[in-house]
Amino acid sequence: LLLTGQSLANIGDVLYIVSIIYIIFELTGSATAAAFVPFTITSSMFISNTLTPLLMQRFNLKWLLTGSQMGKTVLLLALAFFLPQLSISNFYGLFLVISLVALLDGCANPVTQSLVPNYVKNEQLLKANGITETVTQLIQTAMWFVGSSLLIWLSATELVWLTAGFFLVSSLLLSSLEAVDFIPSKEQGKW
């Protein structure tokens, strides 16, 4: 469930980024404005990755992962409703939404990596980590092509709706995971 849920989320992430880059470029005609999409996402994920260890010590990992995915789902649904009203005068609000989505997304990888040892036997951990990373990288690589190709048949707004669907299914799968207790290896302070 963890791998499937995260895989669907990763597929959705790439599809959503492709559609947002396309929307910004179509709206502004500016490659610079479109380039701010990955910059905004990367910056927000950096902040989130930095703060996630603090959250991991306070919250149940399953619900931290599920909650972040549900939050992304709600934001994507709001974005899908907002896109038809998008114009050159209000497209900056889009950057706020993608920043919030990236903040939530940034905690997914550290939490997933921390959950894997709880769902596999110790002797299978190396194999499980390898499979998880291979699937993640394969999705990250292939979905840029698939997402761009889907824009031939679907509008960018329809692609965002499709992404929201992937996120919803991912949220449901992740909420079905068994709860685990995360015990930090040693008390060394907050960082």
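A salt bridge is counted here when a side-chain nitrogen of Lys or Arg lies within 4 Å of a carboxyl oxygen of Asp or Glu. The model is predicted, so local features need pLDDT of at least 70 and side-chain atom pairs count only at pLDDT 80 or more, while totals for chains, interfaces and linings use all residues. Residues are numbered from 1 along each chain as its sequence is written, and side-chain values use heavy atoms, with hydrogens and water left out.

**Exercise 1.** Find how many salt bridges the whole structure holds, and state which residues are linked in a network.

Solution. 
- Step 1. The search of the whole structure gives two salt bridges.
- Step 2. Aspartate 13 pairs with lysine 72, with 3.0 Å between the closest N and O atoms. Aspartate 13 belongs to helix 1 and lysine 72 to helix 3 (residues 61–82), so this pair ties together parts 59 residues apart in sequence. Helices are DSSP runs (H or I, at least four residues), numbered from the N terminus.
- Step 3. Lysine 72 also meets the side chain of aspartate 105, at 2.9 Å from N to O. Aspartate 105 is in helix 4, so the pair with lysine 72 of helix 3 ties together parts that are 33 residues apart in sequence.
- Step 4. Asp13, Lys72 and Asp105 are therefore linked in a network of salt bridges.

**Exercise 2.** Decide whether lysine 72 is buried or exposed, and do likewise for aspartate 105, valine 101 and leucine 96.

Solution. 
- Step 1. Set the classes: buried is under 20% relative accessible area, exposed is over 50%, and partly exposed is in between (1.4 Å probe, protein chains only).
- Step 2. Lysine 72 has 1% and is buried; aspartate 105, at 14%, also counts as buried. Aspartate 13 is buried as well.
- Step 3. In helix 4, valine 101 is buried at 2%.
- Step 4. Leucine 96, found in helix 4, is exposed at 55%.

**Exercise 3.** Describe the largest pocket by volume, lining and residue class.

Solution. 
- Step 1. A pocket is an open set of points on a 1 Å grid over the protein atoms alone, where a 1.4 Å probe fits, with protein on both sides within 12 Å along at least five of seven lines; lining residues have an atom within 4 Å of a point.
- Step 2. The volume, the space filled by probe spheres set on the points, is about 420 Å³.
- Step 3. The lining has 26 residues, and Asn10, Asp13, Met45, Asp105 and Gln140 lie nearest the centre. Helix 1 (2–28), helix 2, helix 4, helix 5 (108–119) and helix 6 (125–153) each give two or more residues.
- Step 4. Helix 1 has the largest share, eight residues.
- Step 5. By class, eleven lining residues are nonpolar, twelve polar and three charged.

Note on methods
Nonpolar A, V, L, I, M, F, W, Y, C, P; charged D, E, K, R; others polar.
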